[in-house]
Amino acid sequence: MSPGGQRPHHRRQRAGIRQQRRRHPRPSPAPGSQWWDPRGRRRDDPGASDHRHDRNLATSLGIEAVGEDGRHQTERLLAAGRPVPTTDERTDFTTIEDGQSELEIRILAGSADRPADNDRLATFTLHDVAEYPAGEPTFRVRFTVDETGRLVAEVIELETGAQATETTTAPLAN
């Protein structure tokens, strides 16, 4: 003991007696004020903490295509783990038969090379394709996954401008 009969302050702390800090509730922000999220970004910043910005694609997305060897294969447009919202397109698709007037697009979810091993999300058809010999018309396929995780698939024939669109209703992001 110290003179005067009192223990020194450090002794009380070692004995497990600690004063807890009082937590005061954070005051509500005034309109137009700048508040910071845990990542150090302003909350009024468009890229600030919003749970939707931290979402990624749960699975790869692609279409069923016929390769040069005649086998059906999965052509992936969006890889799993990609942050959403996202978009990607490819313009290297064409017809497989002479005089083909329609193009059927099968949207697949999964990472397997064989289409049968993936899940089919949707099928849609592009009508009024110009009837050229096989391999001549060129198509652009665009996949867009919005911030809610929904897929919008679009196919456009580049020669005539004919197009078709399909939207999935199941969210694809986690």
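**Close-up 1. Glu64, a buried residue in strand S1.** In this predicted model, Glu64 counts as buried because its relative accessible area is 17%, and the cut-off for buried is under 20%. You'll find Glu64 in strand S1, which covers residues 61-66.

Close-up 2. Start with the side chains: Glu64 and His72 make a polar contact through theirs, at 2.8 Å. Now look around a bit. Setting aside residues up to four places away in sequence, Glu64 touches His72, Gln73, Arg106, Leu108, Pro115 and Arg120.

**Close-up 3. The largest pocket, with Glu64 among its lining residues.** This pocket holds about 630 Å³ of space. Its lining is made up of 25 residues, and those nearest the centre are Glu64, Ala65, Val66, Thr94 and Ile96. Sorted by class, the lining has nine nonpolar, seven polar and nine charged residues. Which strands give at least two residues each to the lining? They are S1, S2, S3 (86-93), S4 and S6.

**Close-up 4. The largest nonpolar core.** Here we have 27 residues, and the ones touching the most other members are Leu61, Ile107, Leu126, Phe143 and Val155.

Close-up 5. What is Leu126 in contact with, leaving aside its neighbours within four places in sequence? The list runs Ser101, Glu102, Leu103, Phe139, Val155, Glu157, Ala162, Gln163 and Ala164.

Methods: Residues numbered from 1 in each chain as written. Predicted model: local features only at pLDDT ≥ 70, side-chain atom pairs only at ≥ 80, totals over all residues. Heavy atoms only, no water. Helix = DSSP H or I, 4+ residues; strand = E, 2+ residues; numbered from the N terminus. Buried < 20%, exposed > 50% of the residue type's maximum accessible area, 1.4 Å probe, protein only. Polar contact = N/O pair within 3.5 Å; in protein donor to acceptor, adjacent residues only side chain to side chain. Contact = heavy atoms within 4.5 Å. Core = buried A, V, L, I, M, F, W, Y, C linked by side-chain atoms within 4.5 Å. 1 Å grid on protein atoms, 1.4 Å probe; cavity = no way out; pocket = protein on both sides within 12 Å on 5 of 7 lines; lining within 4 Å. Points joined across faces, edges and corners; volume = space filled by probe spheres on them. Nonpolar A, V, L, I, M, F, W, Y, C, P; charged D, E, K, R; others polar.
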